[in-house]
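Below are some remarks set out as numbered points, for reading alongside the sequence and the structure.

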Amino acid sequence: MITLTAIDQIAEHYDIAVVGAGPTGLAAAARAAELGLSVLLADENPSPGGQIYRAITTTPVTQRGVLGEDYWKGGALVDRLWPTNTAYAPGCTVWSVAPDEVGGFELGLSLGGQARLVATDQVILATGAQERPFPIPGWTLPGVMTAGAAQIALKASGLVPSGRTVIAGCGPLLYLLAGQLAAAGANIVAVLDTMPRRNWLSALAALPDFLRSPYLAKGLKLMAAARGKLPFRTGVTALAAEGSGKVTGVSVTRGGRTKTIACDALLLHQGVIPGINLSNAAGCAQHFDHVQLCWTPTVDDWFASSIPGIAIAGDGAGIGGAESAALRGELASLDAARRFGRLTPVQRDEMAGPTRIALARSLRGRRFLDLLYRPAGAFLAPPADETIVCRCEEVTAGQIRDTASRLGVTGPNQMKAFLRCGMGPCQGRLCGPTVVELIAQAHGLSPTEVGYYRLRPPVKPITLAELAALPPTEAAVKAVVR
Amino acid sequence: MECRSADVIVIGGGIHGCSTALNCAMRGLSVILLEKDHAGRHASGVNAGGVRQLARHVAEIPLSNASMALWHRIEDLVDDDCGFTCDGQVLVAEDEEDLDTCRARVDDLTLRGFHHEELIDAAELRRLVPAVSDLCPGGVISRRDGAAIPLRATQAFKRKAASLGADIREGVRVTRVVRDGANWRVETDNGFFLSPRIVNTAGAWADRIAADLGEPVPLEVIAPMLMITAAMPAFIKPVVILRRRKLSFKQFGNGTVLIGGGYLGRAIRDENRTVLDWGKLATNARTVWDLFPVMRAAPIARAWAGIEARMPDDLPVFGPSARHEGVYHQFGFSAHGFQLGPGAGAVMAEIIATGSTNVPIDGLQISRFTHPRESRP
C-alpha cells in the first residue's frame, strides 16, 4: 500500500477506483490489487476503517472492552492491504463520478484544498451507510446530535458527551452505542426505545432464520448488557427536544402520557440507510426498499449497478452490516477482474464460492432485524408541523405538507422549486427520506411513486478557487495540441 | 367518459407549452396539454432563470418586449410571483474594445426604436456592481430585467391553465403525429388524442414532431451547464453577463450565487440525462475568479445541465407551420427562451385564435430551415 498525501501524487489513470475505505472498500481494494489491477482507494477520512472501524489504526481508546471485540476485527482488513500496490489516498473527497468519452469514468477528486480529474476504467462505490434522518421538534438545538456522531467522537478522539445524556431511537446500534458510551464513562440517564411493539408481529415470521444467525448471540449479549445496567424506557411514541439556545431536556410520550427528562445531551438514532448521494449523482438506478424503508441502488448478484463499470458494494447498496460489507466488496472486485479479462467467468465463480457462503451466513437473520427495527411512521414523517425537516434551508414538515397538498407538488424535485429543501450543501442527505415520506402521505402514494431527488455533483462542496485551479486532464491537453 | 379531443393540443409542458395552454384557455379554447415527464422537467425547470431583454437578437426583441410586460405583472397573470425579482441585468465590458462594441449596439437599437438597453460608464458600473474588477470600463444595462425561479414559474403557468379548464396530462409521451381527416391524431403511450390544431412546444424533442409532419429541422440537442454556490454575504443585485467570455452571474436573495454562461455538457436525451464537463466548468470558474475576487472561497454546492434545443442561427422557431394548416411551432429557444415564455404563449394563442398578431415575428418562421431558397434569396 502506498499512501498518497498530495493530490499530484495521484496518477492520471487507474484500472479501478474504490471510493471509501470502510470494510467494503478495504476488501475490494485488496482483492483487486491481489489480482494485479492498479487500484486507487480514495477515502475522506484521515485513516482507514470507515464508520464501523473508524480510527482502527489510530484510536486513543486502548481498553479493548470499551468498543467491543468486533471493532478490533477491522485491523485485519487494513493489514491485508499493506503488501499490495494499492494507492491509498486518505483525506481525499470524491465529488463526482461521470462517464468519460472512451468508455471509462472521470473522477473529480479533492485533497488538501486542491482538485483534480482522474481517469479510471471501473469504479467500486463503497460509500457505506448514513444514519437515517430523525426529525423531531428541537433536533437542531445544540446538544442534540446523532448517536453515530457520538460514536465517531468516541472512536476517533476518545470523547464522550458530558453531563446527563439521553439516547433515543430504534435499532441494534442503539444498544451497542449505549453500551459503548456507558463503558467509556458517559452518564446515561435514559435509553428511550421508539420501537413499535407491533413490529414483533411482522418480524416473527423471519425469526427462524435469525435463530440460526450470527447476530443472535451478539445481539442478546448487547441487549442484556444495556438493559441490565441502563435505565431503559420502551414504547416511546413521541419525542421533542426542549431548551432555548441549548438542549435542556427531552419530552417523552409513552402510553399517552408525556413527561420531561432533564438532560445535557440528546443522542438520536433511527437506524442506518445506504448513503446514495454519489451513486445517485452518477446516474445509477435506484429503488425504494420496502423492508428497510429506504432508497437503495439497484445492483445485481455481483453488485454491478445499472451503469456498466460502476459497482456499489457494502452498506451503500443495502444495509447488511460490517461483515457482509467486506464480503460484498470482495465479490465486486472479482467481477471487476472478470470485466478486465483477468478472470474467466468460471474462475470468478469458483473464487467467489466460499465468499458467497460466508455472505449468506452473515446476512441470515437480517430480515428479522429489518422488520423488528422498522421505524414508526411518526418518526419517518413527523406529525408536528413545526418540526424542521430540511436543516440547511430550515424547511418545516408543515410547509412541505402544505405545499404538497395546496400546490399539488407530487415529487421531491418539484418541491425544491417552492421550498428549496434538498438544495442546501448537504443535498438532501438529511431531508430527502423525510420529504419523500411527507409527500407520499399527503397524496396517499407510496415512496416508489413519489420518487427521490435527482442529486448533482459535486456531491460534497468544492471551492470556486479549487475548481478554477483544476489542472487540465491529459485528454484536454491532447485535444488542444491536435 | 374522458375527453380525448380538444380545440387545441399542446405537445410539451415547458414554460412555452404551459403558457400557450393558459393563453388558449383564457381565449375560451379547450386545450389538452401532453407532457412526457412533468411540467418544467427539462429546459424550463433547470435553466438560470434569467428574465432578460438585454443583448437579444433583433429578431426576437418584439417577442421579448411583449413578454417583459407580462413578467412585470406575473402575479396577476398566474397567481404566483414566480420568484420574479427586478434588479436589472448588466453586460460588463472587460476592456475599451468591448465597450466600443456595446456603444455600437446601443446606437443600433436606438435607430430601430428600442430603448431598453442603456450604455453605462465605469462609475455607474461600479455603483451597480461594486464587487466587479476595477479593470472593467463600463457596460450596458437593461433596467427592467431580472430573474425568476424557473420550475416554480412553469408550474404556476400549468396550475393557472388547469384552473381555467386546460386538461394537463403529465407522464404521457407522444409517439407520433399524423393527419386524420380534419383533425390531427396525436398518438401517445396512453392512447391517441384528436384536434384540428396542434402546437409543437416539445423543446429538445420538437424536431421529432416536426419530422413527423414533414418539416425536418436541424435542431441540436444541447446541455448548458450551471453551478450554484453556498450562501455568500450579499454583494451584488443585478445579473451580470459578459460578451466575449461566457458568463452569466447572479446572486439570489438567500445569498447563493448562480454561475452559468452557456458552457455545454453532454446531453443524452433518450435517457433524460446529462453529463457535466468539469474542464469547461473550471474555465467558467476562472472567469468568476478574474471578475469577482470576493467569490474565490465560495463553496460550489451543485452543478447541473438541462436538456435544451438549439437552432443553427440561435433563434427560436415560432409561428404557423409552413406546410400544414392547424400546426404551430414554438421551440428551439437556444438556451434563452425562459423570459420569452409568457409573451410567446400570449402571441401564439392570438395567432391560433385570430390568425394573426401585431407582434412582429419575422425571421422566426420554420420556413427558414424547410425552404431555405425561398426565405433567403
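1. Cys82(B) is buried, its relative accessible area being 0%, and the cut-off for that label is under 20%. This cysteine is placed in the loop between helix 4 (74-78) and strand 4 (89-93) of chain B, and its phi is near 60°, a positive value in a residue other than glycine. Please bear in mind, here and in every point that follows, that this is a predicted model.

2. Elsewhere in chain B, helix 3 (residues 61-71) has eight of its eleven residues buried, so this helix is largely enclosed by the rest of the structure. The buried residues of helix 3 of chain B are Ile61(B), Pro62(B), Leu63(B), Ser64(B), Ser67(B), Met68(B), Leu70(B) and Trp71(B).

3. Turning to chain A, the secondary structure comprises 19 helices and 23 strands. The radius of gyration of chain A is 22 Å, close to the 23 Å that the globule rule gives for 482 residues, so the chain is as compact as a globular protein of that length. Taken along the principal axes, the C-alpha atoms of chain A fill a box of roughly 75 × 50 × 40 Å.

4. Of the 482 residues of chain A, 58% count as buried, while the chain exposes about 18,700 Å², of which carbon and sulfur atoms supply 56%. Among the contacts in chain A with a separation of 6 or more, 67% are accounted for by residues 24 or more positions apart.

5. Gln114(A) is found in strand 7 (residues 114-125) of chain A and, at 47% relative accessibility, counts as partly exposed. If its neighbours within four places in sequence are left aside, Gln114(A) is in contact with Ile7(A), Leu109(A) and Glu466(A).

6. What covers the buried residues of helix 14 of chain A? The cover includes strand 21 (388-390), strand 22 (395-396), helix 15 (412-419) and helix 16 (432-443) of chain A. The residues of helix 14 (residues 397-406) that are buried include Ala397(A), Gly398(A), Ile400(A), Arg401(A), Thr403(A) and Ala404(A). Helix 14 of chain A is followed by Gly408(A), whose phi is positive, near 65°.

7. Two further backbone features of chain A deserve a look. Arg420(A), in the loop between helix 15 and helix 16 of chain A, has a phi near 65°, which is a positive value in a residue other than glycine. The peptide bond from Pro457(A) to Pro458(A) is cis, with omega near -5°, and Pro458(A) has its place in the loop between helix 17 (447-450) and strand 23 (462-463) of chain A.

8. Rolling a probe the size of a water molecule over the atoms shows where empty space is left. The structure holds three cavities of 30 Å³ or more, and the largest cavity has a volume of about 90 Å³. The residues that line the largest cavity include Gln130(A), Ile273(A), Asn277(A), Trp295(A), Arg429(A) and Tyr452(A). Strand 17 (272-274) and strand 19 (294-297) of chain A each supply at least two residues of that lining, which by class has seven nonpolar, three polar and one charged residues.

Conventions. Residues numbered from 1 in each chain as written. Chains lettered and ligands numbered in written order. Predicted model: local features only at pLDDT ≥ 70, side-chain atom pairs only at ≥ 80, totals over all residues. Heavy atoms only, no water. 1 Å grid on protein atoms, 1.4 Å probe; cavity = no way out; pocket = protein on both sides within 12 Å on 5 of 7 lines; lining within 4 Å. Points joined across faces, edges and corners; volume = space filled by probe spheres on them. Helix = DSSP H or I, 4+ residues; strand = E, 2+ residues; numbered from the N terminus. Nonpolar A, V, L, I, M, F, W, Y, C, P; charged D, E, K, R; others polar. Rg over C-alpha atoms; globule rule 2.2 N^0.38 Å. Buried < 20%, exposed > 50% of the residue type's maximum accessible area, 1.4 Å probe, protein only. Contact = heavy atoms within 4.5 Å. Areas by Shrake-Rupley, 256 points an atom, 1.4 Å probe, with all protein chains shown as cover.
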